[in-house]
Amino acid sequence: VRVLIVEDEAPIAKAIRETVSLAGHAVAAVVPSVTAALAFLRADSCDAAILDVNLRGESVEPVAAELVLRQIPFLGLTGYGAGHHPPSFRGCVVIAKPFDIDVLDQALSALASPAK
Amino acid sequence: MLNMLQADLYDALPASVYTVDAEGRITSYNRAAVDLWGREPELNSDQWCGSWRLFHPDGRPLPHDECPMAIALKEGRPVRGAEAIAERPDGTRVHFEPYPTPVRDKGGRVVGAINVLVDITERKAYERHLKVVLGEVNHRSKNLLAVTKAIADQMKGKSVREFRNRFSERISGLANSHDLIVNNDWHGVPLTELVRSQLLGFDEIRRDRIRLTGPECDILPAAAQTLGMALHELATNATKHGSLSNAKGRVAIDWRIAPCARGETEKRLVLRWRERGGPPVIGTPRGGYGLEVIDDFVAYGLDAQVTLSFKPTGLCWQIAVPVALVLAAPAVGAPT
């Protein structure tokens, strides 16, 4: 499973990358912004994605909408409390920050298994 | 009912006031009440409240005969702590607090009631704003905790004592940046202050050995955090191994706004940290966490071009960051 990681904070992005790799998945790309994520999706694809809900003050919504359109499963990471998810995250797993690496690992496995 | 002087006073009162008889029919109202309702009710005919339409604070329609004034009359008691929304005929809405109070005759019989309506629309808007701000603070704190947690997870291969010292210093560095971000209302942090905040402790002793040169400019909050972390690592390294580890070394920190490079559409903030006069630098250090912060993290988080060189004369670090990602406002003022 190739996973796209969209997270603007470098230390967190690195932690996610390591979790994804340790879980035995391939990292398709790690990008810090909506623009970079959309550019990646135009040129390439992935089997799953992990999205920080808020990137440099802008909503990750356009990326989520694109993933919904392509039927690529994704999960969200948020510093906002539960119930603050943008519409495209309806029915998605949204993990609260700061997150436990095991929680992310499990959510990722759940995300990857029904697709494959 | 009122004599002329009383009527003038009634209208001059900067609070919305009206009265009703025992059946709730409006018997008088003042100018301020008309302003709040957006209409003139019909005397001795309109009942309970002169408003066009009423709603509960949660948006449900509120029938006039169930409004606080109706309750005060029907139950013969003052109603306090209620809130309602009145819609004017022109569609605008006003959020208000009513203070309906029954009036009794000498025998104790309810003969009518008086009501004061206090417009709390502005206060409600402010409360909503505050709620948004608190949500934002929550989000940012959680993010900061996630960053802190990631830092702790990634500081590998250290003894417990070394881990504790370094981790504690890094948290202090983050806290210093965060103080500046909050003190500047999350708008922008003056770059000079950001640099100084990360030199705290070194600055006092070695003030004449650290030179800051550059135009005053404000750094965006997210960028201030990333940049602050990098400056902290550089300062720590300089004190331990670099030009601030002996008695005569120097650090020159300078920055400028560079014009667009060829093939680019945006100006960049170019910031340099150059060390001189420290112990000779031998070779290039192996990758450690600090190195990762000043190189990979800055490149990733700020779309920066990072140039890092370990010349024998001292470490030299240069970053070029697109201004849109780093500057809160165009740089103004003369070099400091």
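# A tour of chains A and B

At 5% relative accessibility, Ile120(B) counts as buried, where buried means under 20% relative accessible area, exposed over 50% and partly exposed in between, with a 1.4 Å probe and protein chains only. The model is predicted: local features need pLDDT of at least 70, side-chain atom pairs count only at pLDDT 80 or more, and totals for chains, interfaces and linings use all residues. Residues are numbered from 1 along each chain as its sequence is written, chains are lettered from A and ligands numbered from 1 in the order in which they are written, and side-chain values use heavy atoms, with hydrogens and water left out.

**Stop 1: Ile120(B)**

Stay on Ile120(B), in the loop between β7 (110-119) and α4 (121-154) of chain B. Helices (H or I, at least four residues) and strands (E, at least two) are DSSP runs, numbered from the N terminus. Show the surroundings of Ile120(B): leaving aside residues up to four places away in sequence, Ile120(B) touches Glu83(B), His95(B), Phe96(B) and Glu97(B), a contact being heavy atoms within 4.5 Å. Then select Leu5(B), which is 115 residues from Ile120(B) along the chain; their C-alpha atoms are 29 Å apart.

**Stop 2: Thr19(B)**

Select Thr19(B) in strand β1 (residues 16-21) of chain B. Thr19(B) is buried, with a relative accessible area of 10%. Which side chains does the side chain of Thr19(B) meet in polar contacts? One is that of Thr27(B), at 2.7 Å, and another is that of Ser28(B), at 2.6 Å. A polar contact is a pair of N or O atoms within 3.5 Å; within protein, one must be able to donate a hydrogen and the other to accept it, and residues adjacent in sequence count only if both atoms are side-chain atoms.

**Stop 3: where chain B meets chain A**

Display both chains. The contact takes 24 residues from chain B and 23 residues from chain A. About 2000 Å² is buried between chain B and chain A, with 56% of that area from carbon and sulfur atoms; buried area is the accessible area (1.4 Å probe) that two parts lose on being put together, summed over both.

Between the two chains the count is eight residue pairs in polar contact, both residues at pLDDT 80 or more. There is also one salt bridge between chain B and chain A, defined as a side-chain nitrogen of Lys or Arg within 4 Å of a carboxyl oxygen of Asp or Glu. To find a salt bridge here, select Glu292(B) and Lys14(A), whose side chains meet at 3.0 Å, N to O.

On the side of chain B that touches chain A, the elements giving two or more residues are α4, α8 (221-240) and α9 (289-302). The largest share, 13 residues, comes from α4(B). By type, the residues on this side of chain B are 10 nonpolar, seven polar and seven charged. Ala, Val, Leu, Ile, Met, Phe, Trp, Tyr, Cys and Pro count as nonpolar, Asp, Glu, Lys and Arg as charged, and the others, Gly among them, as polar.

**Stop 4: backbone angles**

Most residues other than glycine have a negative phi, and most peptide bonds are trans. Select Trp48(B), in the loop between α2 (31-37) and β3 (53-55) of chain B: its phi is positive, near 70°. Next, select Asp185(B), in the loop between α5 (160-183) and β8 (189-190) of chain B; Asp185(B) is not a glycine, and its phi is positive at about 55°. Are these residues buried or exposed? Trp48(B) is buried at 11% relative accessibility, whereas Asp185(B) is exposed, with a relative accessible area of 54%.

End in chain A at Pro98(A), in the loop between β7 (94-96) and α4 (101-115). Lys97(A) and Pro98(A) are joined by a cis peptide bond, with omega about -10°.
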